Amino acid sequence: MNFDFADEAPKLVMLLYGLVAFVVVVGGLLLLLDVVPNWFARRREARLVAVADAGPPAGAARARRPRRAEGLFGLFFLLPTVLLLLVGLVIPAIRTVVLSFMDGGSDAWVGLRNYGWLFSQDEIVRVLINTLIWVILVPLLATTTGLLYAVMVDKARFEAVAKSLIFLPMAISFVGASIIWRFVYAYRGEGQEQIGLLNQVVVWFGGEPRQWLQEPPLNTLLLIVILIWIQAGFAMVVLSAAIKAIPGDIVEAARLDGVTPWQMFWQVTLPSIRPALIVVVVTISIGTLKVFDIVRTATNGNFDTNVIASEMYNQAFRYGETGQGSALAVFLFVLVIPIVIYQIRNLRKQREV
């Protein structure tokens, strides 16, 4: 095997650049997360020892310095996060809002025309209705499924195995899950061997195979099943942990009062896990608003299955209508804001309690 260094020099140079970049990035992270904090911690410890040795009067004046140092210490760690938020979230969000008031080529201002278009086109109204159906059904059904499953397998003999089975879909990407379910919904003509599980079951019972993903609004409901299948594991894990955190004396007191399992669920379990329940519903709701991969992979938004995120992509990157795509993005952002505010208020109340 002949290897000519002269011919491969450009590749070797690129490899060297990669190695240098790796060393710089990894070294920088180690410096940022390990060396610098330890240096500040040692300085703080030395100051506290000096203050303690100096006694109360002199130490009181020196005690203000560590507070300033702690403020700088906190700012040092906040700065990278703030910069990343600015570059990755704030600036793109501002740019998207600006573009939503411009035409498709981002050359001229059009005012609120893109937002008027949003509610005047039948197909876009259909997209909004589909998104609403997703946001109502997915959090409700995924959380209910996860909660019931967590209650049923709690302290069961094979609890770990049962939990693993429902949690496994969480390890699959949305695209992978969509491909799996496309095989479930796959269609072949009557008289042919069916490769789709659902149509095969229908044939076994004497029915005719159907093109499930081409029949609105049934196809939207079938796509929703995919996201419920994925998110139920997340809901189960969080709610199962909340159920196990219920104090044992409360459960024992309820049993001594002679409550039935149904009463135990509604009067003890459900009120005790309410904060976790809210977190799960809010998290799944936000994730559902942003759903894109499932629709894109399963139907490409055809047959009246489109949602906001998918249509936003189509307008901005397929049709070249940047203004309309940006208006959809801003509308999606506005829909998420109330949920985020509610979650923040809920977390504050929990801290106060």
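This is a predicted model: local features need pLDDT of at least 70, side-chain atom pairs count only at pLDDT 80 or more; totals for chains, interfaces and linings use all residues.
On the helix 6 side we have E159, K163, I166 and F167. On the helix 9 side, the partners are A232, G233, F234, M236, V237, S240 and K244. If you sort the residues of that contact by class, you get six nonpolar, two polar and three charged.

Okay, geometry. Two packed helices are described by the angle between their axes and the distance between those axes. Here, helix 6 covers residues 159–167 and helix 9 covers residues 218–244. Their axes come within 8 Å and cross at roughly 145°.

Now let's zoom out to the domains. The chain is divided into domain 1, which is 25–42 + 68–100, and domain 2, which is 118–352. Going by C-alpha atoms, the centres of the two domains are 34 Å apart.

What do the domains share where they touch? Four residues of domain 1 are in contact with six residues of domain 2. The area buried between them is about 370 Å², and carbon and sulfur atoms give 82% of that. Over in domain 1, the residues that lose the most area to domain 2 are T96, L99 and S100, and together they make up 81% of what that side buries.

And the polar side of the story? Across this interface, the rule finds zero salt bridges. By class, the side of domain 1 that touches domain 2 has two nonpolar residues, two polar ones and no charged ones.

That's it from me, thanks.

Definitions and conventions
Residues are numbered from 1 along each chain as its sequence is written. Side-chain values use heavy atoms; hydrogens and water are left out. Domain bounds come from an automatic or database domain assignment. Contact means heavy atoms within 4.5 Å. Buried area is the accessible area (1.4 Å probe) that two parts lose on being put together, summed over both. A salt bridge is a side-chain nitrogen of Lys or Arg within 4 Å of a carboxyl oxygen of Asp or Glu. Ala, Val, Leu, Ile, Met, Phe, Trp, Tyr, Cys and Pro count as nonpolar, Asp, Glu, Lys and Arg as charged, and the others, Gly among them, as polar. Axes are lines fitted to C-alpha atoms, for helices over the stretch in contact, and angles run from 0 to 180 degrees between N-to-C directions. Helices (H or I, at least four residues) and strands (E, at least two) are DSSP runs, numbered from the N terminus.
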